[in-house]
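Please read these notes with the model open beside you.

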Amino acid sequence: MTSTYKLLVVTAATLLLLGCQPAENNNGATENDAQQSTENAGATSGVAIELDPTPNVAQEFSATDFVEGKDYRVLDTALTLADFEKAPGERGFVMEFLWPGCPHCQHFNPTINAFALEYSDVAIVKRAAPANERWAYDSRIFYTLRQVADTNLDDEMIEFYERTRENQNRLPSPEDIQSFLAEHSIDGEAFASAFEDPTQTDKLRKIMTDMMDAEITSVPTLVVNGKYVITATAPHSPEESQRYFALVNHLLERD
């Protein structure tokens, strides 16, 4: 058994000490979602790469189309970006709370990426939610990859978890993670050292604290400029996608 494998196994068993609570299933995902059959995952398969937030035939929306308490809620205290995250764009930032093993997040990922390409003046900040023991394990992998990889591998990690779920109906094992590291030419010992670094725990605490303060109980959830939690259902069609991102843009323009 390699030292990297040992570290992954031991940490997966001990991360419960972080005190994280599982996210509730409120139009979002729990850990069990990733372990269900592909027939269950098919319920969210409509959120796919073909969803363009700016389709050719654009529908006009006004501020009156979006209702506080239904489409979004306003936080009393705004969430702030951490020093380990990117700076806001010219128009601000959108936080996405996610779990790499969540089918909903996996299917939503190409859509939020399309929005990021269309609106380069908005920073998309992806936050891996450590809402229970397994989520904390995957979140630690997420942030460790950001530290040791030469390029950002957020999307590659999410796609890897999605392939594992679709092909084998399970979450990645420590051996799978080692294969992923090798595939992307990441030194296992360097990863193991960074994985054990206490600063990773500090990052997870920051994300979990923000989730609790904002009462975020499901993923994916977007928070616009740290103030507005989107409660509208994630899009499952081009029309829904158009309205959803019109809502995001509307909130970006608010003071």
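**Notes on the model**

1. The protein chain has 10 helices and 5 strands (DSSP runs numbered from the N terminus: H or I of at least four residues for helices, E of at least two for strands). This is a predicted model, in which local features need pLDDT of at least 70 and side-chain atom pairs count only at pLDDT 80 or more, while totals for chains, interfaces and linings use all residues. Residues are numbered from 1 along each chain as its sequence is written, and side-chain values use heavy atoms, with hydrogens and water left out.

2. Of the 255 residues in the protein chain, 51% count as buried (buried is under 20% relative accessible area, exposed over 50%, partly exposed in between, with a 1.4 Å probe and protein chains only). Among contacts with a separation of 6 or more, 81% join residues 24 or more positions apart (contact means heavy atoms within 4.5 Å).

3. Two packed helices are described by the angle between their axes and the distance between the axes. For helix α4 (residues 103-118) and helix α6 (residues 154-168), the axes come within 10 Å and cross at roughly 140 degrees (axes are lines fitted to C-alpha atoms, for helices over the stretch in contact, with angles from 0 to 180 degrees between N-to-C directions). The angle therefore makes α4 oblique to α6 (under 35 degrees is roughly parallel, over 145 roughly antiparallel, 65 to 115 roughly perpendicular, and the rest oblique).

4. Which residues of α4 and α6 make the contact? From α4 they are Pro103, Gln106, His107, Asn109 and Asn113; from α6 they are Asp155, Ile158, Tyr161, Glu162, Arg165 and Glu166. By class, the residues of this contact are 3 nonpolar, 4 polar and 4 charged (Ala, Val, Leu, Ile, Met, Phe, Trp, Tyr, Cys and Pro are nonpolar, Asp, Glu, Lys and Arg charged, and the others, Gly among them, polar).

5. Ala131 sits in the loop between β3 (122-128) and α5 (133-148). Ala131 counts as buried because its relative accessibility is 1%. Its C-alpha atom is 9.4 Å from that of Leu204, 73 residues apart along the chain.

6. Most residues other than glycine have a negative phi, and most peptide bonds are trans. Ser185, in the loop between α7 (174-183) and α8 (188-196), has a positive phi near 55 degrees. With 68% relative accessibility, Ser185 is exposed.

7. The loop between α9 (198-213) and β4 (221-224) holds Pro220. The peptide bond from Val219 to Pro220 is cis, with omega near -5 degrees. Glu215 lies in the loop between α9 and β4 too, and its phi is positive, near 55 degrees.
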